[in-house]
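Let's take a walk through this structure together, starting with its pockets and ending at the ligand. Keep the viewer open as you read.

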Amino acid sequence: MNDCVFCNIIQGKIPAKKVYEDELVVAFHDANPTSPVHVLIVPRLHVPTFNDIPEGDPILTHMGEVARKIAKDLGVAESGYRFFVNVNRGGGQVVFHLHAHVVAGNDFGTLLIKLAIGGAILWRRLARLGHKK
Ligand code: AMP
């Protein structure tokens, strides 16, 4: 897949700041980090999306294990991090070579999630107050 940016990184044709690699995956810092720690874990095999992983394929388990190792190595395992996969355009996927994000720190996504949860709690409390009247 010559036009795939992640295939090109895996093949060493495009530079990346690698933090880990083995026979199944390569992990490197995101070029446009949304937080102090933002690493991508990419399978060497070109699989376009999460939906395309064959049933029973252990790649996701391996990516999870690699994420835990990277989080530990980068010192965020205990303080906390997010491990996620965007799936297709509606899910925010931009690069169509399967990859998982490892994100830690005050990133925009975490802020949005906190705002949404806070908003939902506030909405429920206001709704309850309304019922009591
Ligand atoms: P996604 O939205 O899940 O498809 O995420 C794709 C990610 O790949 C984005 O966070 C981009 O910043 C990142 N990205 C794109 N090109 C490169 C590159 N050459 N090196 C490192 N990260 C990249």
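By class, how many nonpolar, polar and charged residues does the lining of the largest pocket have? Before you count, please keep in mind that this is a predicted model. The lining divides into 17 nonpolar, 11 polar and four charged residues.

The largest pocket has a volume of about 620 Å³. It is lined by 32 residues, and those closest to its centre are Asp-30, Asn-32, His-38, Leu-40 and His-101. Several secondary-structure elements give two or more residues to the lining: helices H1 and H3 (108–132), together with strands E2, E3 (37–43), E4 (82–84) and E5 (100–104).

Where does the ligand sit? You will find the ligand in the largest pocket. There are 16 residues around the ligand, and the nearest of them are Asp-30, Gly-92, Val-94, His-99 and His-101. Sorted by class, the shell around the ligand holds eight nonpolar, seven polar and one charged residues. Helix H1 (5–10) and strand E2 (25–29) each supply at least two residues of this shell, and the largest share, three residues, comes from H1.

Next, zoom in on the oxygen atoms of the ligand. A polar atom in the side chain of Asn-32 is 3.0 Å from a ligand oxygen. Asn-86 also uses its side chain, with an N or O atom 2.9 Å from an oxygen atom of the ligand. With Val-95, it is a backbone N or O atom that lies 2.9 Å from a ligand oxygen. On its own, the ligand has 500 Å² of accessible area, and the protein covers 82% of that.

Terms used: Residues are numbered from 1 along each chain as its sequence is written. This is a predicted model: local features need pLDDT of at least 70, side-chain atom pairs count only at pLDDT 80 or more; totals for chains, interfaces and linings use all residues. Side-chain values use heavy atoms; hydrogens and water are left out. A residue is near a molecule or strand if one of its heavy atoms lies within 4 Å of it. A polar contact is a pair of N or O atoms within 3.5 Å; within protein, one must be able to donate a hydrogen and the other to accept it, and residues adjacent in sequence count only if both atoms are side-chain atoms. Accessible areas come from the Shrake-Rupley method with a 1.4 Å probe; for residues, only the protein chains shown count as cover. On a 1 Å grid over the protein atoms alone, a cavity is a set of points where a 1.4 Å probe fits but cannot get out, and a pocket is an open set with protein on both sides within 12 Å along at least five of seven lines; lining residues have an atom within 4 Å of a point. A molecule sits in a cavity or pocket if more than half of its atoms lie within 2 Å of its grid points. Helices (H or I, at least four residues) and strands (E, at least two) are DSSP runs, numbered from the N terminus. Ala, Val, Leu, Ile, Met, Phe, Trp, Tyr, Cys and Pro count as nonpolar, Asp, Glu, Lys and Arg as charged, and the others, Gly among them, as polar. Grid points are joined across faces, edges and corners, and a volume is the space filled by probe spheres set on the points.
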